[in-house]
Amino acid sequence: MASPNKPLKGALVGAITLALVAGVGVGLVTGVRWLTAERIAQNDETAVMARINEMLPADAYDNDLYQDRVQMPPATIIGQDHPFTVYRAFRDDGPPVAILPVTANDGYHGKIHLLVAIRGDGHIQGVRVTYHRETPGLGDRIEIAKSNWILGFNGRSLQDPKFERWRVKKDDGEFDQLTGATITPRAVIRAVRDALVYFERQRNTLLAQAPPDAGEERNE
Amino acid sequence: MNDYADIVRNGLWQNNPGLVQLLGLCPLLAVTGTLINGLTLGLATLFVLTGSNVAISVIRRAIPSAVRIPVFIVIIATLVGVVELVMHAYFYDLWGILGIFVPLIVTNCVIMGRAEAFASRWSTSRAAVDALAMGGGFTAVLLVLGALREFIAQGTLLADADLLFGPIAAGWTVQLTPPGMGVLLAALPPGAFISLGLLVALKHWIDKQLVQPSTDAQPAIQTTDTPASPS
């Protein structure tokens, strides 16, 4: 066996090589990230806008949805564990609409992400599923592409039906379940109901428009 | 492996990653719900595999043996990071559909396997050919499996082709059987396993046919002068 320096030298050479390769790798990924950043941001915004425009046609509001978005603090009632973005649509001659991102944690196969659009009078403008892993052919019929079930929320509020009736018919409620899937619709119904509750509590903050002068709105 | 033709035959057929080596089964089963999904992940994997094989082959003499696995991982992870960003920017819908399976390409054993078994030992041109063959073989399996499962579960082929090929491909989808006649099992994981098993069996059967093309098997040893009469 050679001098005690050999293993150390070998380790050093190995470490330096690895560090060099890692450096090149990080540099490459960072570079590509910088090159694609703008396009990625555009894509993300376009995707959100497309979802929103499904429920709320572009000519139904006057403002720039992206500019008028607000950050809200975490709200576990709608499954948001981190600060989240709410989009608002305003028009001069009609009710404002808040578009809330809602997460149901109790789907059959995990989380279901929704966008819930609620008008200023507390009635639902529309609901769309943006992400889920429910069973194809069964639970996935909460998607608008697969069935019209999700349209059953349009126009509903916490008075229509009353809070206790916000369940599937099987559980003594007003909403249809899906054939062969009960857990999935249960989760979505509960999430939409809780979105309405959250909206009631936070309505002033959610629909606050920036006043012409630079006054501050009180947060509730 | 000296002959390029050998390398190609090996990757595409004899040692096909999906049907023979049975590597990369997690993405193979999870994203082959449709032809387009399978094809997309296959192409992404092919790109990473080729980049990784070439990069590793180029610097193979400079990598100390003790750190070779971490170096391979860093190279593969870098390439996957680049692929994911490019997909997020230019193939947004497919990126959303494939979801977590794009970053999971890092864990695909085909890529690490070829890095260790081939790219770190052979010349760059051979490593590139090996990557194209292995990646091509893998993509072919993804494509066939995706087509099979899509057809059985939905009755269509090339659904959502425009997500990969652009607006001109919007009309490429064919509905071969009426909607609603599909077998749901094919869209679910058990159906994926069954379909893969059938493809592996099919490959074995084809191999057998290539060895014994006629139904009358030639006797291994000629025991008499008279030719065996066909039965």
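In which helix of chain B does Ala153(B) lie?

1. Ala153(B) belongs to helix α7 of chain B. The coordinates under discussion are those of a predicted model, and the remarks below should be read accordingly. Once the neighbours within four places in sequence are set aside, the contacts of Ala153(B) are Gly182(B), Val183(B), Ala186(B) and Ala187(B).

2. The overall make-up of chain B may be stated next. Chain B has nine helices and two strands. Read from the N terminus, the order of its elements is α-α-α-α-α-α-α-β-α-β-α. The C-alpha trace of chain B extends over about 70 × 55 × 30 Å along its principal axes.

3. Helix α7 also takes part in a packing with the helix α1 of chain B. Helix α1 (residues 4-14) of chain B packs on helix α7 (residues 124-154) of chain B at an angle of about 25 degrees, and their axes are 7 Å apart. Because angles under 35 degrees count as roughly parallel, α1(B) is described as roughly parallel to α7(B). The crossing of these two helices, α1(B) and α7(B), is right-handed. On the side of α1(B), the residues in contact are Tyr4(B), Ile7(B), Val8(B), Asn10(B), Gly11(B) and Leu12(B), and they meet Ser125(B), Arg126(B), Val129(B), Asp130(B), Ala133(B), Met134(B), Gly136(B) and Gly137(B) of α7(B). Sorted by class, the contact of α1(B) with α7(B) comprises seven nonpolar, five polar and two charged residues.

4. The packing of α3(B) on α4(B) has another geometry. Helix α3 (residues 35-58) of chain B and helix α4 (residues 68-90) of chain B meet at an angle of about 140 degrees, with axes 9 Å apart. The pair α3(B) and α4(B) is therefore oblique. A right-handed crossing is found for α3(B) and α4(B). From α3(B) the contact draws on Thr40(B), Ala44(B), Phe47(B), Val48(B), Gly51(B), Ser52(B), Ala55(B) and Ile56(B), and from α4(B) on Phe72(B), Ile75(B), Ile76(B), Leu79(B), Val80(B), Val83(B) and Met87(B). The residues of this contact of α3(B) with α4(B) comprise 12 nonpolar, three polar and no charged.

5. Helix α3(B) has a further partner in α6(B). Helix α6 (residues 109-119) of chain B packs with α3(B) at an angle of about 25 degrees, the axes being 10 Å apart. That angle makes α3(B) roughly parallel to α6(B). The crossing of α3(B) and α6(B) is right-handed. Thr45(B), Val48(B), Leu49(B), Ser52(B), Asn53(B), Ile56(B) and Ser57(B) of α3(B) meet Val110(B), Ile111(B), Arg114(B), Ala115(B) and Ala119(B) of α6(B). By class, the contact of α3(B) with α6(B) has seven nonpolar, four polar and one charged residues. Val48(B) is among the residues of α3(B) in contact with α4(B), and Val48(B) also meets α6(B).

6. How much area do chain A and chain B bury between them? The figure is about 1,700 Å², with 82% of it on carbon and sulfur atoms. Chain A contributes 21 residues to the contact and chain B contributes 18 residues. The number of salt bridges found across the interface of chain A and chain B is zero.

7. Over all chains, a search of the whole structure finds 20 salt bridges. One pairing joins the side chains of Glu54(A) and Arg51(A), at 3.8 Å from N to O. Glu54(A) and Arg51(A) are separated by about one helical turn because they are three residues apart in helix α1 (residues 5-55) of chain A.

8. Most residues other than glycine have a negative phi, and most peptide bonds are trans. The peptide bond between Asp160(A) and Pro161(A) is cis, with omega about 0 degrees. Pro161(A) is situated in the loop between β5 (124-131) and α2 (183-207) of chain A. Asp172(A), a residue other than glycine, has a positive phi near 70 degrees. Asp172(A) is placed in the loop between β5 and α2 of chain A.

Conventions:
Residues are numbered from 1 along each chain as its sequence is written. Chains are lettered from A and ligands numbered from 1 in the order in which they are written. This is a predicted model: local features need pLDDT of at least 70, side-chain atom pairs count only at pLDDT 80 or more; totals for chains, interfaces and linings use all residues. Side-chain values use heavy atoms; hydrogens and water are left out. Axes are lines fitted to C-alpha atoms, for helices over the stretch in contact, and angles run from 0 to 180 degrees between N-to-C directions. Helices (H or I, at least four residues) and strands (E, at least two) are DSSP runs, numbered from the N terminus. Angles under 35 degrees count as roughly parallel, over 145 as roughly antiparallel, 65 to 115 as roughly perpendicular and the rest as oblique. A crossing is left-handed if the near helix is turned anticlockwise from the far one by less than a right angle, and right-handed if clockwise. Contact means heavy atoms within 4.5 Å. Ala, Val, Leu, Ile, Met, Phe, Trp, Tyr, Cys and Pro count as nonpolar, Asp, Glu, Lys and Arg as charged, and the others, Gly among them, as polar. Buried area is the accessible area (1.4 Å probe) that two parts lose on being put together, summed over both. A salt bridge is a side-chain nitrogen of Lys or Arg within 4 Å of a carboxyl oxygen of Asp or Glu.
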